[in-house]
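This report describes a structure in terms of its chains, its domains and the interfaces between them. The sequence and the coordinates are shown first.

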Amino acid sequence: MTRLSGGLIDRNSSFSFTFDGKTYTGHQGDTLASALLANGVRLMGRSFKYHRPRGVVAAGSEEPNAMVELRSGARTEPNTRATVAELYDGLVAKSQNRTGSLAFDALGVNDYFAPFFAAGFYYKTFMWPRAFWEKLYEPMIRRAAGLGRLSMQADPDSYDKGFLHCDVLVIGGGAAGLAAALTAARAGAQVILCDEDFRLGGRLLAESHRLDGAPATDWISTLEAEFETLPNLRVMRRTTVFGVYDHGIYGAVERVSDHVVEPGNKVRQTLWRITAKRAVLAAGATERHIPFADNDRPGVMLGGAMRAYANRWAVTPTQSAKDPVAIFTNNDDGHRTALDLMSKNVPILGVIDSRENAPRFGDYDLFSGAMVTGTKGRLGLRDIEITKGGVASWHRCAALGVSGGWNPNVHLASHHRGRPVWDDTLLSFVPGADGPAGLIPAGACVGLGSTAKALADGAKAAGIALAELGIKTPEVALPDAEDMPVSQADFWHVPGKKRAWVDFQNDVTVKDISLAHKENMKPVEHLKRWTTLGMATDQGKTSNVSALAVMAELTGKSIPQTGTTIFRPPYTGVSLSVLGGGDTGVNFRPRRLTPTHTWAKSQGAEFVEVGQWMRAQYFPQAGETDWRESVDRETKAVRVGVGLCDVTTLGKVDVQGADAGEFLNRMYSNMMGTVAVGKVRYGLMLREDGFAYDDGTCARLGEDHYVVTTTTANAGLVYRNMEFARQCLWPELDVQLISTTDAWAQIAVAGPKSRLLLERVVDEFDLSNDAFPFMGCAELTVCKGLRARLFRISFSGELAYEIAVPARYGNALMARLMELGADLGAAPYGTEALGVLRIEKGHAAGAELNGQTTAAMLGLGRMVSAKKDSIGAVMSRREGLARDARRLVGLQPVGSTERLMAGSHLFTQGTAHSMETDQGWVTSACYSPHVGGYIGLGYLENGDTRMDEEIIAANPIEGSEMRLRVVPAHFVDPEGERLRD
Amino acid sequence: MTDLTPITALGGTIARVETFGALSLTENPAMALASLALRKGQSVPSPFGMTLPEPGKWTKSGAIGVYWMAKDQWMVEAEGRAEEDFARVLKAEVPEASVTEQTDGWAAIEITSSKGAAPIKALLEKLVNIDAGAFTQGSALRTGLDHMSVFLIRRAEDRLAVWGMRSSTETLWHALAVAARRLEDI
């Protein structure tokens, strides 16, 4: 045990947890990393390429090494940073990326082959033979060079999303963030404060500095008490703001129950979209290390992290509290770690400072102008080599803190292509002026890292935000705090021949960067790809700037000339589950049910997804073993008796206004304004480019009242286009539009006995052919006074009607029609039979209106009226479209009972089957009970002049072909007598 | 009166009610709805003696509620009149305007809170990208909710109505119920 005194842990609590199957205990307030260190566990993982033993490097979300598989079973989460995994009783974690045990990793052999895994390894090595790529190389690489593993089970937890709006969003709850939130909240602004930690305070929790002479936690507690009383302030702990998006929208993930064994009724995480008028970025800074030979052993960590472990969690990364600890630094801040450790009675080997004449801050051995040039210790640090004045000496040392200076966390300020700028005094990048609009960086993330400066700058940033919003800034008294200037040397890495790690997570060394330089991968974006520097889960938070410095040294350019790679969201890893928003399965997207859905379900219907709609596909009856049996029966029922089909899904648009007729003339290619009141007309709509895109009917219910119907698929599109035309193209027309698709349940009543059936439900309405002929429409009542609309239109070619009632009555009307039509052979039919009926009749549907067809191809060329202009009319006459000679024809197999496949291509007999000789294709095909065989529709070159010709339908994918006879596209009642009967 | 038996948007013969902590969801199939759109150049009428509300607003007088929908367009609600031809009643009030029956184009779900405004605000925050704090009594707007287009009406500090497309009411109910259930603790 290496627990020290003090710390922000609750020693009265005892949490039991396991790591690689072994049980340990920790306390409330621990992270997994601090608890493991407290138990003397330093070895926490294996490195990515070389499988080198690794321990924890950092104390926050920047951690590159200590990644574990957290939890077990389906809840296993790979690549979880032990440094941010909040400890709870019952936590289960496993180390990852190892073959065998963590202490003996068989793939540790990779380390001996390091020369092969140098920069550009992937690009150079696995190029050939090509056939080996998928079968051999990829699985091998995936196995060897991986991070954690997925459970391969479905995630059992729930995820949520939400939306918040505020005046000021404060990102980060350290000194600057707390001062900003306090200032903005006291001003009365709507404020949200987010921090990724489970406890507010940021770096204040990790330091021994006092505020107003008292521990910083006193001030934080007072503040938290005040926050509780401010209804305009929302404090969100365990919430990481991971990205800045357009228009002041920030993405944030709240880890609602990552710190409990199982979420129970709660969600695991929530994705928040926060719309903020202004934001204060108080993201702090991340310490960088100084690469030196063999600097990756467990026990070597960032100096600031070592201080954080000692102060906040009361642990050291040693195996015994008696072991000596050393500090390697190029700046004053490193000395603080030594002082804090000394105050907790940790034995200090000394401070190794790269600067000649390094300052002294306390009573410890100071190695001025010295460097650490090597380490020993198989699974953890045991000795370090200190070189001073060219003389090297080995020293027993159990832990080494490395302080290379602090990099402001410019990440979010560099979204929206903001470019960080180099500060020669700070020797680091700071946020540029071209970052996201409305985002004001403050505190350590602009380089103002002393506690006093951070507090003041946070308050100042809030003041700027408030002023821009026209809110008065209150006077806020900030506590007295340390304001020590920190001097630093321009010293980036220890020169040497052995491997010195820059990027721990990706196993990138100084030598790799040097090799990349030799191979001319000098631009920073190339360097990143060639060496994998700064990739994967930590995105190089502790390594990027050091790597740039090394490359700058090699090229002789400055660091700012070398430049940074582009910063993109997310700041830290975000699970796909939380981005998915929660619902899976049936509620993944909206599902629309027809008004007769309940009834259809009770009849055992099979349903099919049609866009968002669930439509009855067919209604199997007892004894039917194959869907075709059901469909054939339903089709025949319509041809000989009467069939019923819910057609509510077809779009309906109510069009009113004095200019409604003129408006429709311009929307439809054919004349529509002239349809008489009480009549329906078939209409065709073209796109702007002249292709046909939708067809349907238009009923005129009154002098200035029309109802447009669309196809199911295009209901939304047609309505949108109509709205666009009304508002933007012809605002001078008096037209009012509104969708009524859902308002009316519409049932097709089709078949020779449809009139007989309808006569049984209408209230005193004359349905005779004279009184209500084909293409008539009327408003009437049915079933004793229910308002309804009746249209005499036919998709099947039979005598047919569509009857509409308020949607809530659709279910009952369907049941009533079935009941009253029992003696007439009434049968429900689904979309399959609907399809067969319309193919038999030669009616176009989605397969024919596929966006590549002209009115002429559909045989509807004359429907593009030359007497008026309409959308797409002019473009439909352009040569390329007008010249298209393909025409819709009927197709019937010759001498074959094989199934005709839609999608087959058509060829003249005796020609080769190629693109050049292609004559068209089969758009729709089905088995026709009426014909007694397969039939199809298709587009054929000059099809209208090739009746009775035999052609070939080729299905090259399956290697089959079939002879077809070209016939008129009306297999049923070509004269159209039945529907006019 | 017709002898057909209507069903609600959720497929039942009676309105569905579910309570989650402070929040109750109730299907409101009795609410009639009709759209009112002005003809070009028409002066703004006062149906049922009411002043038509400004954008983003809802007003109520007796059993009639009106909310703004688009430029020169409103939705008119009538409590307990869904079985009538309410569009005809409204047309008689505004004979010059275009009126369209919308009762079954939509389905209303009324949400009530037993603990004042806070649960309603928390629910809104989980569902829609609007400034929930500013959506006070008398506010109405159209927005997206789980990929569905809905109208929201803040009938009172502790009451919220959601009008969703009738055909997707099952999905809408699911979204509302799941969000309400997750707020049971507050």
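## Overall dimensions of chain B

What radius of gyration would a compact globule with 186 residues have, and what does chain B have? The model considered here is predicted. For 186 residues, the expectation for a compact globule is a radius of gyration near 16 Å. Chain B has 16 Å, so chain B agrees with that expectation.

Along the principal axes, a box of roughly 50 × 45 × 30 Å holds the C-alpha atoms of chain B.

## Secondary structure and domains of chain B

Chain B contains three helices and eleven strands. Read from the N terminus on, the order of these elements is β-β-β-β-β-β-α-β-β-α-β-β-β-α.

## The interface between the domains of chain B

Contact between the two domains involves 15 residues of domain 1 of chain B and 16 residues of domain 2 of chain B. Together, domain 1 of chain B and domain 2 of chain B bury about 1,300 Å², with 57% of this on carbon and sulfur atoms.

One salt bridge is counted between domain 1 of chain B and domain 2 of chain B. A salt bridge links B:Arg155 and B:Glu77, with 2.8 Å between the closest N and O atoms. There are also ten residue pairs in polar contact across the interface of domain 1 of chain B and domain 2 of chain B, both residues being at pLDDT 80 or more. On the side of domain 1 of chain B that touches domain 2 of chain B, the elements that give two or more residues are strand E9 (140-145) and strand E10 (148-156) of chain B. The largest share of this side, four residues, comes from E10(B).

## The interface between chain B and chain A

The size of an interface is often given as the accessible area lost when the parts come together. For chain B and chain A, the buried area is about 4,300 Å², and carbon and sulfur atoms give 46% of it. In chain B, the residues that lose the most area to chain A are B:Leu4, B:Lys126 and B:Arg182, together 15% of what that side buries. The contact draws 48 residues from chain B and 54 residues from chain A.

Eleven salt bridges are found across the interface of chain B and chain A. A salt bridge joins the side chains of A:Lys784 and B:Asp3 at 3.2 Å, N to O. Polar contacts between chain B and chain A number 39 residue pairs, with both residues at pLDDT 80 or more. On the side of chain B that touches chain A, two or more residues each come from strand E3 (32-37), strand E6 (73-78), strand E7 (98-101), helix H2 (117-127) and helix H3 (169-182) of chain B. The residues on this side of chain B comprise 16 nonpolar, 16 polar and 16 charged.

## Domains of chain A

For chain A, the assignment gives domain 1 (1-151), domain 2 (159-285 + 408-469), domain 3 (290-403), domain 4 (501-557), domain 5 (617-621 + 627-837) and domain 6 (840-967). The C-alpha centres of domain 1 of chain A and domain 5 of chain A are 64 Å apart.

Technical notes. Residues are numbered from 1 along each chain as its sequence is written. Chains are lettered from A and ligands numbered from 1 in the order in which they are written. This is a predicted model: local features need pLDDT of at least 70, side-chain atom pairs count only at pLDDT 80 or more; totals for chains, interfaces and linings use all residues. Side-chain values use heavy atoms; hydrogens and water are left out. Domain bounds come from an automatic or database domain assignment. Contact means heavy atoms within 4.5 Å. Buried area is the accessible area (1.4 Å probe) that two parts lose on being put together, summed over both. A salt bridge is a side-chain nitrogen of Lys or Arg within 4 Å of a carboxyl oxygen of Asp or Glu. A polar contact is a pair of N or O atoms within 3.5 Å; within protein, one must be able to donate a hydrogen and the other to accept it, and residues adjacent in sequence count only if both atoms are side-chain atoms. Ala, Val, Leu, Ile, Met, Phe, Trp, Tyr, Cys and Pro count as nonpolar, Asp, Glu, Lys and Arg as charged, and the others, Gly among them, as polar. The radius of gyration is taken over C-alpha atoms; the globule rule is 2.2 Å times the number of residues to the power 0.38.
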